[in-house]
Amino acid sequence: MDGDMGRGIADLLVALTGGDPGPIIMQANGRRPVYFFLAPGGGRMRPWPPGVTSLTSAPVGVTYLPVPALDGAWPLTWRCPPSGEGRFVHALLLLRAADLYQASCAISSETTAQASAAGSISGK
């Protein structure tokens, strides 16, 4: 997913989980994708919203995802490092957070448009 959306969802997951949503990687030097580590098969058959790309392996393909060392590997950094063996981002919680993030963006855009229209009508 793109950097702005991914970072917003990561922040939301951190808040929803008390700071331990599971392992999340992001690129520290720009608006690049954010990667959420799900349990094997956790992302399959989910109705991911637009902007989300699921990177999964297939019997005839190979998935490549650079993973930084636990102490970092520029430009990748851990937004949330692994907190234990077998600990992953919960796929359904990620999906719901993505939906909530997109809904909040839509509300924000609509509110901004309404405020802008009201301002132009009143001559401000």
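**Exercise 1.** Work out which helix holds Leu 93, and whether Leu 93 is buried, partly exposed or exposed.

*Solution.* Step one: Leu 93 sits in helix H2 (helices are DSSP runs of H or I with at least four residues, strands are runs of E with at least two, both numbered from the N terminus). Step two: Leu 93 has 30% relative accessibility, so it counts as partly exposed (buried is under 20% relative accessible area, exposed is over 50%, partly exposed is in between, with a 1.4 Å probe and protein chains only).

This is a predicted model, where local features need pLDDT of at least 70 and side-chain atom pairs pLDDT 80 or more, while totals for chains, interfaces and linings use all residues. Residues are numbered from 1 along each chain as its sequence is written, and side-chain values use heavy atoms, leaving out hydrogens and water.

**Exercise 2.** Find what Leu 93 touches, skipping residues up to four places away in sequence.

*Solution.* Look for contacts (heavy atoms within 4.5 Å): you get Leu 13, Leu 16 and Thr 17. Now take Thr 17: it is 76 residues from Leu 93 in sequence, yet their C-alpha atoms are 9.5 Å apart.

**Exercise 3.** Decide whether Gln 27 is buried or exposed, and list its contacts beyond four places in sequence.

*Solution.* First, find Gln 27 in strand S1. Its relative accessibility is 18%, so Gln 27 counts as buried. Then list the partners of Gln 27: Arg 7, Arg 32, Pro 33, Pro 75 and Leu 76.
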